[in-house]
Amino acid sequence: MSLAPSRSLFLLAFMAGAMTLGASFYLEFGALLRPCFLCQVQRIFLAAFTLINLVAVIHGPRRFAAYLYGLASMGCALLGAITAVRQVLLQNAALEQASDCWPSLQYMIENLSLWQSLQLTIRGTVDCVELNWTLFDLSLPEWSLLFFVAMLVLGIMQFSRLLLSRRVDLVRY
């Protein structure tokens, strides 16, 4: 099996993740959009996704390690998609359904248990409901969801290529 296609897919995923991470930092520091809790959680999953794919590109894994990198990458993309779906649902719900606003994610982690912080983050806040920015009539969480779904599709494509190449190798022998 040639490792180049596997490595190039990891490189493609890394470059997409790095550009998306850069865009999120630009929107925060350049356009001065303050990210909400769910946005910060999505950014953590995006950073982990990007880092995993960078390590995979540098490592140049064989089949088993490529499976592991692919699973870790797809896990981050899936968790990011879940949090993006939650935020999209919050934005489409009534403003009264969001809970009171907390000072920051860091404050919640320092002063509450991990479980309480996770529950409050997933429940969402008023900050998560606000529509501050749109592009082509899609909000940031919707763009985030599109990115994570695209990376999941890329991961599934990579897994199918690895599995197909393994079956071809087994048939040859």
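Which helix does Ser-144 lie in? Ser-144 sits in helix H7, which covers residues 140-172; helices here are DSSP runs of H or I with at least four residues, numbered from the N terminus. With a relative accessibility of 15%, Ser-144 counts as buried (buried is under 20% relative accessible area, exposed over 50%, partly exposed in between, with a 1.4 Å probe and protein chains only). Setting aside neighbours within four places in sequence, Ser-144 is in contact with Gln-42 and Ala-84, contact being heavy atoms within 4.5 Å.

A word on the model itself: it is predicted, so local features need pLDDT of at least 70 and side-chain atom pairs count only at pLDDT 80 or more, while totals for chains, interfaces and linings use all residues. Residues are numbered from 1 along each chain as its sequence is written, and side-chain values use heavy atoms, with hydrogens and water left out.

As for pLDDT (the predictor's confidence in each residue, from 0 to 100), the protein chain has a mean of 76, and 71% of its residues reach 70 or more. H2 has 23 residues and reaches 33 Å from its first C-alpha to its last, close to the expected 33 Å, a span worked out as 1.5 Å times one less than the number of residues. After H2 comes Gly-60, with a positive phi near 60 degrees.

Over in helix H1 (residues 3-30) lies Leu-12, which counts as partly exposed at 44% relative accessibility.

Conventions: Helix = DSSP H or I, 4+ residues; strand = E, 2+ residues; numbered from the N terminus.
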